[in-house]
Amino acid sequence: MGAAPTPPAARRTGGERREVTVTEAEIIAALSEAARDVLDPETGLNVVDMGLILKVGYAAEDRRAEILMTFTTPGCPSGDIMVFGLEQRLAMVEGVESVAVEVTFDEPWSPDWITPEGRAALGWR
């Protein structure tokens, strides 16, 4: 799947190594931010501003990022590309060893889910 995950950060202080603790909340925030690097190829918007990311979680015991997302339509031709992009990008987040992306269509996606930043990028009001 690519390069090995980055080990937890360590700092050198007074000749000794000390592990820097990263909280679960910080990892979830980092995952949410990293997801912004993944684009919907059809619109050029990132998957967060497009409203495709429904939930971001982290299973600390397994060091696994857990994403619940949807596509604009069940037959979205770019769906696999976006899932692959999320798996690759989120695996680079410190503290993450694996990524699980679940796609759901329980509630149909709506353009209302696009963030104000996404609307501005699309030229919508």
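Predicted model: local features only at pLDDT ≥ 70, side-chain atom pairs only at ≥ 80, totals over all residues.

Analyst: The protein chain averages a pLDDT of 87, and 83% of the residues score at least 70. Over residues 1-14, the pLDDT is below 50. Beyond near neighbours in sequence, that stretch has 24 contacts in the model.

User: OK, the sheet. What's the strand order?
Analyst: The order is β3-β4-β5, in an open sheet of three strands with mixed pairing.

User: Which ones are the edge strands?
Analyst: β3 (53-59) and β5 (98-103). Each pairs on one side only. Neighbouring strands of this sheet are turned by 15 degrees against each other on average, ignoring direction.

User: How many bridges join β3 to β4?
Analyst: Six, and the two strands run antiparallel. β4 covers residues 64-69. In this pairing, K55 stands opposite L68 in β4.

User: What holds paired strands together in general?
Analyst: Strands of a sheet pair through backbone hydrogen bonds.

User: And where do the helices lie?
Analyst: Helix α1 (residues 24-35) lies across β3 and β4, at about 140 degrees to β3. Helix α2 (residues 79-90) lies across β3, β4 and β5, at about 155 degrees to β5.

User: New topic. Where is E42?
Analyst: E42 sits in the loop between α1 and β3.

User: Which residues is E42 in contact with, leaving aside neighbours within four places in sequence?
Analyst: C76, P77 and S78. E42 and P77 are 35 residues apart in sequence, but 9.0 Å apart in space, C-alpha to C-alpha.

User: What does its side chain do with S78?
Analyst: The E42 side chain makes a polar contact with the side chain of S78, at 3.2 Å.

Note on methods: Residues numbered from 1 in each chain as written. Heavy atoms only, no water. pLDDT = per-residue confidence, 0-100. Contact = heavy atoms within 4.5 Å. Pairing = 2+ DSSP bridges. Helix = DSSP H or I, 4+ residues; strand = E, 2+ residues; numbered from the N terminus. Axes fitted to C-alpha atoms, helices over the stretch in contact; angles between N-to-C directions. Polar contact = N/O pair within 3.5 Å; in protein donor to acceptor, adjacent residues only side chain to side chain.
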